[in-house]
Amino acid sequence: EVEKIQIKITSLGLTESRITADETIQQLFVECRLNNFLAEETPLSLPKPPSGQRIHYNYSTAINVDKEDNHAEREYLKSILLKPDLPADSLKFTVVSDPPEDEQDLECEDIGFAYVSLKEIFQKQRDIIEQDIDVFDSQDASAVIGKLTVTVEALNALRSVHEECRND
């Protein structure tokens, strides 16, 4: 069986903030990144939801971390488990504003970040299933601008990597 980290981006809800107030922010998509290896994004950008409502992406992807073909990703997972002070131990989700069709001079803009710690999944021995995680304002890391509902199933892959660390 190919070892992988399963990721699902279910939905996004926003709280009242500069984001909901900003009329230039209309369409949103979500990117998911593992360190510098891999970035996946929802194929659709969806209209920004009014405060208190949600938009549903229901987007699933998988990061393969098997020994044969994905050595770099696997080494990175090992480093997460072996180096307790490694800062980049998280999957990073970025909420991105997609400029409207008729405003092509506008850039895609990162408006918020959310994180899932892989180390924590391993420490708690528990995957994250359909859990709401805070989205922090890209301009003010202490401000929460919304919730992203995600699933991250990494425990089996992490256990396997951990076994390997013990056997090395």
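I started with N58, which is found in strand β5 (residues 54-64). Helices here are DSSP runs of H or I with at least four residues, strands are E runs of at least two, and both are numbered from the N terminus. N58 isn't a glycine, yet I read a positive phi of about 45°. I also noted N58 as partly exposed, with a relative accessible area of 47%. For that term, buried means under 20% relative accessible area, exposed over 50%, and partly exposed in between (1.4 Å probe, protein chains only).

A note on the source: this is a predicted model, where local features need pLDDT of at least 70 and side-chain atom pairs count only at pLDDT 80 or more, while totals for chains, interfaces and linings use all residues. Residues are numbered from 1 along each chain as its sequence is written, and side-chain values use heavy atoms, with hydrogens and water left out.

Then I looked up E130, which sits in strand β8 (residues 128-137). Phi of E130 is near 45°, a positive value in a residue other than glycine. With a relative accessible area of 38%, E130 is partly exposed.

Next entry: S97. I found S97 in strand β6 (residues 90-98). S97 is buried, at a relative accessible area of 4%. Not counting residues up to four places away in sequence, S97 touches T24, I25, Q27, L28, E107, C108, E109 and I111; contact means heavy atoms within 4.5 Å.

On to F37, in the loop between β2 (27-34) and β3 (38-41). F37 counts as partly exposed at 31% relative accessibility. Which residues does F37 contact, leaving aside its neighbours within four places in sequence? I got A72, E73 and Y76. F37 and A72 are 35 residues apart in sequence, and their C-alpha atoms are 8.1 Å apart in space.

Then the helix pair. Two packed helices are described by the angle between their axes and the distance between the axes. Helix α2 (residues 71-82) packs against helix α4 (residues 155-167) at an angle of about 75°, with the axes 9 Å apart. That makes α2 roughly perpendicular to α4. The axes are lines fitted to C-alpha atoms, for helices over the stretch in contact, and angles run from 0 to 180 degrees between N-to-C directions. Under 35 degrees counts as roughly parallel, over 145 as roughly antiparallel, 65 to 115 as roughly perpendicular and the rest as oblique.

From α2, I listed R74, L77, K78, L81 and L82, which meet L158, S160, V161, H162, E164 and C165 in α4. The residues of this contact divide into 6 nonpolar, 2 polar and 3 charged.

I stayed on R74, in helix α2. Is R74 buried or exposed? R74 counts as buried, at 2% relative accessibility. The R74 side chain reaches the backbone oxygen of V65 at 2.7 Å. Leaving aside neighbours within four places in sequence, I have R74 in contact with E3, V65, D66, K67, S160, V161 and E164.

Last, the cysteines. How many disulfides does the structure hold? I found 0 disulfides, a disulfide being a pair of cysteine sulfur atoms within 2.5 Å. The sulfur of C32 is 17 Å from the closest cysteine sulfur, in C108, so it is too far for a bond. C32 is buried, with a relative accessible area of 3%. C165 also counts as buried, at 15% relative accessibility.

Conventions
Nonpolar A, V, L, I, M, F, W, Y, C, P; charged D, E, K, R; others polar. Polar contact = N/O pair within 3.5 Å; in protein donor to acceptor, adjacent residues only side chain to side chain.
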